[in-house]
Amino acid sequence: MKEIFKILEQNARATPAQIATMVDKPVSAVKKIIKQAEKDGTILKYKAIINWPKLGKEDIQALIEVRVTPQRDVGFDAIAERIYQFPEVYSAYVVSGTYDLALLVKGKNMQEISSFVTEKLAPLERVQSTVTHFLLKRYKENGEIFHLPKETNRRLPITL
Amino acid sequence: MPNTKPAATKARDNVISQTVATLPPSGIRKFFGLLSSVEDVISLSIGEPDFVTPWHIREAGIYSLEKGYTMYTSNSGMPELRQELASYLELRYGVSYHPEYEILITAGSSEGLDLVLRAIINTGDEVIIPDPCYVAYPADVILAGGAPILVPTNEENNFVVRATDIEARITKQTKAILLGYPANPTGAVMSKKEADAIAELAKKHDLLLISDEIYARLVYGAEHICFPSLPGMKKRTILISGFSKSHAMTGWRIGYVAADRRFTQALTKIHQYTLLCAPTMTQMAAIEALRNGDGEVEKMVQEYNRRRRFMVKRLNEIGLPCFEPKGAFFAFPSIKATGMNSEEFAEKLLLEEKVAVVPGLAFGPCGEGFVRCCYATSLPNIEEALRRMDRFVRKSRPRSE
């Protein structure tokens with residue numbers, strides 16, 4: 001079953017028939033597993049990875065370290081929820097170390113991110129401090145390497 | 001596998017040795033020329049992984065250069081590498097070799113095979129080889145002064161050679177049996193029962209067994225039988241293997257031979273006069289491959305397996321029946337229903353549909369009627385190739401059907 005998800009993770013467009021062949025299971029069984037997974041949230045969504053810079057449109061991104069005051073009974077969850085609901089927040093994590101929350105924030109330009117930090121994030125009651133790191137260059141995201149030279153065929157056309 | 005016809009004899013004017021001059025060129029040379037003249041070919045005719053060597057292994061190679069490990073190593077290879085190999089073989093197959101005396105590091109398993117044959121063959125000795133087989137086997141036997149004796153295998157036996165068929169060809173001249181399972185070109189693997197029968201035969205007739213296990217790690221739903229691990233076989237088996245297929249390291253040229261010291265000593269003699277040692281950078285990369293490479297190997301095997309199932313199912317669907325190959329990365333479908341021979345099929349498929357496969361005849365007379373399709377290429381490539389092959393087969397089906 002895990003193998004089905006691994007295949008989909010690599011290629012969300014793999015059809016049930018293709019997957020069924022690759023894992024040696026009936027198509028109906030694969031369809032059922034996928035449907036169930038979509039229902040119970042094992043599969044959250046199918047997305048494409050777009051190389052935006054290629055279109056000349058690149059979001060500005062920033063990593064933001066946030067120190068917060070945890071709350072009785074709910075710990076970091078309540079404040080984290082207040083923060084991750086903002087659409088600017090692309091990813092949010094509680095982390096160990098010298099700060100508490102790590103956010104990945106996206107905006108159309110620097111201004112948008114700055115105002116998110118100064119007007120929305122920093123003023124929140126339980127936020128003690130923030131450190132914003134703007135991303136300068138993307139090398140790899142979600143396991144995909146950017147800026148790779150077009151794959152050249154390194155192999156000879158025929159070998160024994 | 002050399003063609004049966006001898007090569008042009010013009011060269012036989014003493015400049016080139018008679019052995020080499022009469023050694024037929026590999027059966028695909030003509031095909032290679034044709035292949036390079038066609039553009040945008042999807043090639044299923046490659047015999048190596050499409051994965052690049054895992055990064056941590058490449059990184060170890062780079063590190064060795066940075067640190068200046070650019071000198072010779074000991075003839076037998078770096079002690080650390082031999083030690084790692086000894087542990088690896090013990091752990092994985094339960095066969096123990098002394099790292100100092102029983103393991104020799106070679107520049108690829110191809111060097112290993114050449115050394116072994118040169119070390120054991122006296123002129124006229126016969127070496128029994130299944131047909132079809134990897135192209136270098138008969139040629140290397142001939143170069144070593146021996147005579148290759150081919151034993152036919154067929155699809156009824158899933159291209160696994162039978163002990164009884166071998167026994168029928170044993171003569172006073174027989175020196176060794178040379179096997180390569182999992183097999184190139186068929187993808188066949190040998191079961192324990194079949195291997196046991198051959199082991200018994202080798203013992204009964206006091207023959208050496210040369211076992212090329214380069215594809216050992218690439219098995220799917222089958223257990224690889226390591227010949228020297230069979231009872232009583234270690235002392236008469238010469239194990240040849242390497243990192244090319246398991247760790248996608250073909251271009252590094254690194255392999256090994258493990259055998260009783262009477263063999264490794266003899267092999268080392270030739271090795272020290274010819275290669276001196278396997279490349280140092282490569283040996284250091286191989287150490288890393290053994291220490292930390294298993295995860296990556298497993299990932300590649302999983303990926304090959306998905307492609308394998310896909311390819312085999314599609315081949316059968318489009319009317320090119322194919323037994324289930326449980327090893328290596330080859331499928332070996334029959335093309336007999338098309339009415340073409342394997343060279344014709346491969347040539348037409350290439351010219352008409354731009355898909356390259358290797359004619360089975362290149363691997364021996366018993367390969368006729370089949371083609372080798374390698375699934376070490378991306379799934380979209382395999383899908384497209386099979387779409388084209390489907391079209392090709394339908395177009396070329398004899399009218400009588």
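Domain bounds here come from an automatic or database domain assignment. Keep that in mind as you open the viewer, and remember that this is a predicted model.

**Stop 1: the two domains of chain B**

Start by colouring chain B in two parts. Domain 1 covers 18-52 + 296-395, and domain 2 covers 71-292. How far apart are the C-alpha centres of these two domains? They lie 25 Å from each other. Now look at where the domains meet: domain 1 of chain B puts 33 residues into the contact, and domain 2 of chain B puts in 34 residues.

**Stop 2: the domain 1 side of that contact**

Select helix H11 (294-317) and strand E9 (330-331) of chain B. These are the elements that give two or more residues to the side of domain 1 that touches domain 2. H11(B) supplies the largest share of that side, with 6 residues.

**Stop 3: inside the cores**

Next, pick B:Val116 and B:Val257. In the largest nonpolar core, which has 125 residues, these two touch the most other members. H11(B) turns up again here, giving this core its largest share, 6 residues.

Stay on B:Val257 and show what surrounds it. Which residues is B:Val257 in contact with, leaving aside its neighbours within four places in sequence? Among them are B:Leu104, B:Leu115, B:Val116, B:Ile238, B:Ile240 and B:Leu267. B:Thr106, B:Gly112 and B:Thr264 are on that list as well.

Then hop over to chain A. A second, separate core has 15 residues, including A:Ala62, A:Ile64, A:Ala80 and A:Ile83.

**Stop 4: one alanine in chain A**

Select A:Ala92, which sits in strand E2 (residues 89-94) of chain A. Is A:Ala92 buried, exposed or partly exposed? It counts as partly exposed, because 18 other C-beta atoms lie within 10 Å; being buried would take 20 or more.

Leaving out neighbours within four places in sequence, A:Ala92 is in contact with A:Ala80, A:Ile83, A:Tyr84, A:Leu101 and A:Leu103.

**Stop 5: where the chains meet**

Finish by showing both chains together. How many residues of each chain are in contact with the other? Chain A brings 9 residues, and chain B brings 20. On the chain A side, 5 of the residues are nonpolar, 2 are polar and 2 are charged.

Technical notes: Residues are numbered from 1 along each chain as its sequence is written. Chains are lettered from A and ligands numbered from 1 in the order in which they are written. This is a predicted model: local features need pLDDT of at least 70, side-chain atom pairs count only at pLDDT 80 or more; totals for chains, interfaces and linings use all residues. Two residues are in contact if their C-beta atoms, placed from the backbone, lie within 7 Å. Ala, Val, Leu, Ile, Met, Phe, Trp, Tyr, Cys and Pro count as nonpolar, Asp, Glu, Lys and Arg as charged, and the others, Gly among them, as polar. Helices (H or I, at least four residues) and strands (E, at least two) are DSSP runs, numbered from the N terminus. A nonpolar core is a set of buried Ala, Val, Leu, Ile, Met, Phe, Trp, Tyr and Cys residues joined through C-beta atoms within 7 Å. A residue is buried if 20 or more other C-beta atoms lie within 10 Å of its own, exposed if 12 or fewer, and partly exposed in between; C-beta atoms are placed from the backbone.
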